[in-house]
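Subject: Two-chain model, handed over with notes

Dear colleague,

Below is the structure I said I would pass on. My notes come after it.

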Amino acid sequence: MSFSFDLEPLKASIDRFGVLNPPYLLRNSDSHFTVVVGYRRLLAVRELGWSDTVCQILPDDFPPFEALLLNLHDNLVHRHLNSVEKGMVLKGLTRFLTKEEIVANFMPLLGIPSNRQTLEQFLGLEELEEAIRISVAMERLSPRVATLMGSLGRDDRLRMNDLFTSSKWSFNQQWEAAQWIVEIASREGRSAKDVIDEGEIVGVLNNERVNNPQKVKSIVKILKARRFPSLVEAEKLFKKGLSGLSLPSGVNIIPPPSFEGIDYKLEIVFTKGGELKEKVAELSHLSGLEKATEFWKGTEHR
Amino acid sequence: MKGFRIRRILIERGAESDSLTKGILKELPNTPRQHVEPYELAPGEDIAGMDKESLRIIHFKGEFLKPCPGTKRYICCGYKILNVGSNCPLDCSYCYLQSYVNQPSLRIFSNLQENLDVIGDIIDSSPDRIFRIGTGEFTDSLSLDFLTRWTDFLLPFFSRRKNCVLELKTKTSSIKSLIASRYRKAIVVAWSLNTPRIIANEEHKTATLKRRILAAQECQKAGFFLGFHFDPLLYYPGWEAGYEQTVQLLERYIAPESVIWISLGSFRYMPSLKRAIKRRFPGTNIFDGEFVTGLDGKFRYFKPIRVEMYGKLSERLNKWHHDLGLYLCMESDDVWRQSLGWSPENSENLCSYLDSRVRKLMGD
């Protein structure tokens, strides 16, 4: 259960000190061996050009489920499993246990939230293309987004993987953007790939004058405007209305989230009481302030 | 109902000797049955899949009469739910029970009839209050009536009371038992309505729009008061023409004078419901609209979209008749004013408004 790992540190260690803990093997019926524990150690030994190393052979009647557990516990004590590897462990366990047993007994062991939904998410990782699994293993792609990709076509998910790994996206940004892409595609009857490949987003990606965080921010903004055209328009109108008010410096009016509630907030930044008094006095005479809660209205939603 | 079949009956310990259980078993003599422990899933009972082909009969130990789960952040109507069971054989993609109840199978409470006295005491002890009670919040009121015979004992029970109405809310055309009953007083038969497109694409196994309205017409002719619920309203290209078709059918077949109320409510959902719906109905388009987080944590359409839908639909309904008892389900004061031109301001006043509809139409 090893996926997407760097063998060099282990090779260097074995080269210097030898194999400190021998791998454990099971003899197959055709006299070949299955590696139960120590797969990476054996790979390192082979890459170092060694012709032999000491291994432990487990009894022929060693139960397969015990072999899986031996492997799991050996891995857990000396390294961190990546998400794809955790998915591989969980998949292996489904051969022996019910999903309820896995959720209750093994997901906590792997440090994963113990619920059926997360289990399905991890099990689904194995079905995805290697490029996507590598992105997940390297923690460049959110496992949750990878699961969402599972519902898309191959080209769509590979394009999405490219988008999210080409710049530095936070997992939350990936999740938000991935949902929007899927929903825009559904609404417009297009593929997710087409949504990503439309001019504006490609323009941002190809713009060499902006840095990666700026690119992510711009793409999120483009997607939000397409996913929520009326809301974004309302936000623009509100901002425009405020800018026409000539509010004193350090004063801001904050609308309710998504304009759903009716309570607006007034924010005044000041350092001295006198300054506060001046700003309040200025506000009380400010023409147009009484219309502040109306600025966003009249939005033509599309 | 289209494509509905009960493949097995799960009888919870404690429900075996209830009369409703015996009636169901008599009605389905050849359906495999299995005895199960309360709160334990039977093999194959799958929460994610809802397992709507299993009928679980439960000796219910909770409260049968409950307030409708509203919220203080929006104006609610003070409805009471008569808890007869949960889940239903209809399979609407947007159904909130998929995450709200989080239990599989069609669930029927076998000891309802035995507990009616408690409900009667509650109603009778407040003679000045109007109780608007419905069975259609956690299940469809009529879809399982052919098995449960709820109407046989609920209609006489509520009909003889002066300060309550029982609303039977459905998306079926299963009205045989209602028509056969001799009780009419204090009974409202109500239909959830939507556009033909939404019914075809999202309200699986329900009756077509025309069948629902024809059933309503039959009930009206038989002397029942009617209610209609445009909930959930769904916004999609062509929504206005779709709802126009629905109102036209109402105009054609229903006399508006005995309509006690018509509610309008837009599609809203908790995040967990979206996950459940996406899992069960991956091809649905109901999430295409612009949803924002509401004051109660549920997602709902961006306010101007809701206002437009309520405004246009209420205007159209008012053209049909000026006194239909229109009200909004779980909306804010400002949305009421912008879309209907008035507002009850708070939940108490909305309750009073709907109570007055009961008094006016049914007489004091």
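The notes take the chains one by one and then the contact between them.

This is a predicted model, in which local features need pLDDT of at least 70 and side-chain atom pairs count only at pLDDT 80 or more, while totals for chains, interfaces and linings use all residues. Residues are numbered from 1 along each chain as its sequence is written, and chains are lettered from A and ligands numbered from 1 in the order in which they are written.

Chain A

Chain A has 15 helices and five strands; helices (H or I, at least four residues) and strands (E, at least two) are DSSP runs, numbered from the N terminus. Its radius of gyration is 28 Å, whereas a compact globule of 302 residues would have one near 19 Å. That radius is taken over C-alpha atoms, and the globule rule is 2.2 Å times the number of residues to the power 0.38. The C-alpha trace of chain A spans about 90 × 50 × 45 Å along its principal axes.

Helix α7 (residues 130-137) of chain A packs against helix α9 (residues 154-166) of chain A at an angle of about 30°, and their axes are 10 Å apart. Axes here are lines fitted to C-alpha atoms, for helices over the stretch in contact, and angles run from 0 to 180 degrees between N-to-C directions. The crossing of α7(A) past α9(A) is left-handed; a crossing is left-handed if the near helix is turned anticlockwise from the far one by less than a right angle, and right-handed if clockwise. On α7(A) the contact is made by A:A131, A:I132 and A:S135, and on α9(A) by A:R157, A:L158, A:N161 and A:T165. Two residues are in contact if their C-beta atoms, placed from the backbone, lie within 7 Å. By class, the residues of this contact of α7(A) with α9(A) are three nonpolar, three polar and one charged. Ala, Val, Leu, Ile, Met, Phe, Trp, Tyr, Cys and Pro count as nonpolar, Asp, Glu, Lys and Arg as charged, and the others, Gly among them, as polar.

Chain B

Chain B has 13 helices and 18 strands. Its radius of gyration is 20 Å, close to the 21 Å that the globule rule gives for 364 residues, so chain B is as compact as a globular protein of that length. The C-alpha atoms of chain B fill a box of roughly 55 × 50 × 40 Å along the principal axes.

Five strands of chain B form an open sheet in the order β2-β1-β3-β8-β6, with mixed pairing. Strands pair if DSSP finds at least two bridges between them. The edge strands are β2 (33-36) and β6 (85-86) of chain B, each pairing on one side only. Helix α1 (residues 19-27) of chain B packs on this sheet and touches β1 (8-12), β2 and β3 of chain B; its direction makes about 160° with that of β1(B). Within the sheet, strand β3 (residues 54-58) and strand β8 (residues 106-109) of chain B run parallel and are joined by four bridges. B:I57 stands opposite B:I108 in β8(B).

Another open sheet of chain B has three strands in the order β15-β17-β16, and its pairing is antiparallel. Its edge strands are β15 (268-269) and β16 of chain B. Two bridges join β15(B) to strand β17 (residues 299-301) of chain B, and B:Y269 stands opposite B:F299 in β17(B).

Helix α8 (residues 209-221) and helix α9 (residues 239-253) of chain B pack at about 30°, with axes 10 Å apart. They are therefore roughly parallel to each other, a term for angles under 35 degrees. The crossing of α8(B) past α9(B) is right-handed. B:L209, B:K210, B:I213, B:L214 and B:Q217 of α8(B) meet B:T246, B:L249, B:L250 and B:Y253 of α9(B). This contact of α8(B) with α9(B) has six nonpolar, two polar and one charged residues.

Two backbone details in chain B can be checked. Most residues other than glycine have a negative phi, and most peptide bonds are trans. A cis peptide bond joins B:D231 and B:P232, with omega about 10°; B:P232 is in strand β13 (residues 225-233) of chain B. B:N87 has a positive phi, near 70°, and is found in the loop between β6 and β7 (91-92) of chain B.

Between the chains

14 residues of chain B are in contact with 15 residues of chain A. On the chain B side, β16 (291-293) and α11 (303-320) each supply at least two residues, and α11(B) gives the most, with three. By class, that side of chain B has seven nonpolar, three polar and four charged residues.

Regards

Methods
Parallel < 35°, antiparallel > 145°, perpendicular 65-115°, else oblique.
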